[in-house]
Amino acid sequence: MNTELHALDLTVISRDWLVHRPIEIAVYVVLALLLRYGLHRLIDRMIRRARVDAPALLRPLKARDPYGATNSILNARRAQRARTMGSVFKSGVSIATLTWAVLQILAVVGVNVAPLIASAGVIGVALGFGAQNLVRDFLTGVFMLLEDQYGVGDVVDVGDAVGTVETVGLRVTTVRDINGTLWFCRHGEIQRVGNMSQGHAVAVIDLPIAHTANVHRALQVALSAAEAAVDEADIAEDVLEPPEMLGVNTVTAQSVVLRLTTRTRPGRQWAVQRRLTSATLAAFDEAGIEAPLAVLMSTHASA
């Protein structure tokens with residue numbers, strides 16, 4: 001009789017471990033995969049743009065509308081921002097569903113998960129105190145992402161590094177400067193960000209002339225040359241507004257400096273500045289507007 005009861009107990013235990021519990025584990029795994037798949041599809045649907053509207057993921061957030069930015073530029077930037085945020089949300093969903101599935105499987109196996117959860121809380125607090133810089137970098141990166149302070153391809157000034165953003169993570173941003181050096185900038189160490197690729201930019205052209213030159217004529221010649229240069233095919237699309245002559249900017253012992261500006265597309269101000277400088281200097285030569293260096297050299301030669 002005892003042998004039969006013992007055999008029956010073994011049969012029940014074997015059935016429980018070989019049938020019931022594996023089925024429960026499989027159900028939890030399938031539920032986790034389905035939940036992850038459904039949430040990922042929902043995130044993809046939220047970040048997918050409907051025609052030219054802003055992605056649904058960004059509608060609750062305040063959108064920036066800088067002066068001079070066209071709808072196509074704004075929509076492209078919103079779409080890029082939404083894809084980045086969607087990537088972060090997908091990672092969070094995957095971690096959450098994996099954690100839930102592991103805890104449920106451990107409970108099915110018979111492991112008491114309450115001490116594990118309590119221990120994880122204590123370990124998390126200890127790690128939080130020991131890795132404050134890491135937490136600060138992470139939180140700062142989240143706010144940079146939400147506020148759209150910069151993105152991949154933007155030309156930024158983050159303090160010691162000035163260049164083009166190559167990657168943006170939650171902890172580190174990489175910036176490639178004009179010399180080709182790749183800078184790794186921790187978000188927690190970035191105190192201020194100057195973005196030269198949002199909305200519009202301004203090309204500033206300073207033109208030195210000699211004190212003996214006719215300033216009024218030089219202003220007219222420089223403005224005419226700049227207006228003709230911005231109509232050229234290679235920079236016409238980069239210029240948003242006609243050039244504006246601000247007049248005499250500074251007067252030094254060596255020269256009188258004229259300043260001319262024009263509003264351009266973001267990131268194209270340097271190309272426009274170089275072209276307008278070349279065009280105005282050539283116009284000065286043709287019009288006989290004296291340069292400071294030429295006057296100084298002629299003075300020394302006569303002496």
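Biologist: Where is the place of Asp238?

Modeller: Asp238 sits in the loop between helix H6 (233–236) and strand E7 (244–251). Helices (H or I, at least four residues) and strands (E, at least two) are DSSP runs, numbered from the N terminus. This is a predicted model: local features need pLDDT of at least 70, side-chain atom pairs count only at pLDDT 80 or more, and totals for chains, interfaces and linings use all residues. Residues are numbered from 1 along each chain as its sequence is written, and side-chain values use heavy atoms, with hydrogens and water left out.

Biologist: Does Asp238 count as buried or exposed?

Modeller: Buried means under 20% relative accessible area, exposed over 50%, partly exposed in between (1.4 Å probe, protein chains only). Asp238 counts as buried, because its relative accessibility is 6%.

Biologist: Which side chain makes a polar contact with the side chain of Asp238?

Modeller: A polar contact is a pair of N or O atoms within 3.5 Å; within protein, one must be able to donate a hydrogen and the other to accept it, and residues adjacent in sequence count only if both atoms are side-chain atoms. For Asp238 the partner is the side chain of Arg268, at 2.9 Å.

Biologist: Which residues does Asp238 touch, not counting residues up to four places away in sequence?

Modeller: Contact means heavy atoms within 4.5 Å. Asp238 touches Arg263, Thr264, Arg265, Arg268 and Val272.

Biologist: Now Trp100. Which residues is Trp100 in contact with, leaving aside its neighbours within four places in sequence?

Modeller: Tyr28, Leu31 and Ala32 are in contact with Trp100. Trp100 belongs to helix H2 (residues 71–109). Its C-alpha atom is separated by 9.8 Å from that of Val29, 71 residues apart along the chain. Trp100 counts as partly exposed, because its relative accessibility is 33%.

Biologist: On to sheets. What is the order of the five strands in the open sheet?

Modeller: Two strands pair if DSSP finds at least two bridges between them. Here the order is E4-E3-E2-E1-E5, with antiparallel pairing. Strand E4 (182–186) and strand E5 (194–195) are the edge strands, and each pairs on one side only. Five bridges join E4 to strand E3 (residues 172–177). Within that pair, Val172 has Arg186 as its bridge partner in E4.

Biologist: How many bridges join E6 to strand E8?

Modeller: Nine, and the two strands run antiparallel. In E8, Thr261 stands opposite Val204. Strand E6 (residues 201–209) has a covered face of Ala201, Ala203, Ile205, Leu207 and Ile209. Its uncovered face holds Val202, Val204, Asp206 and Pro208.
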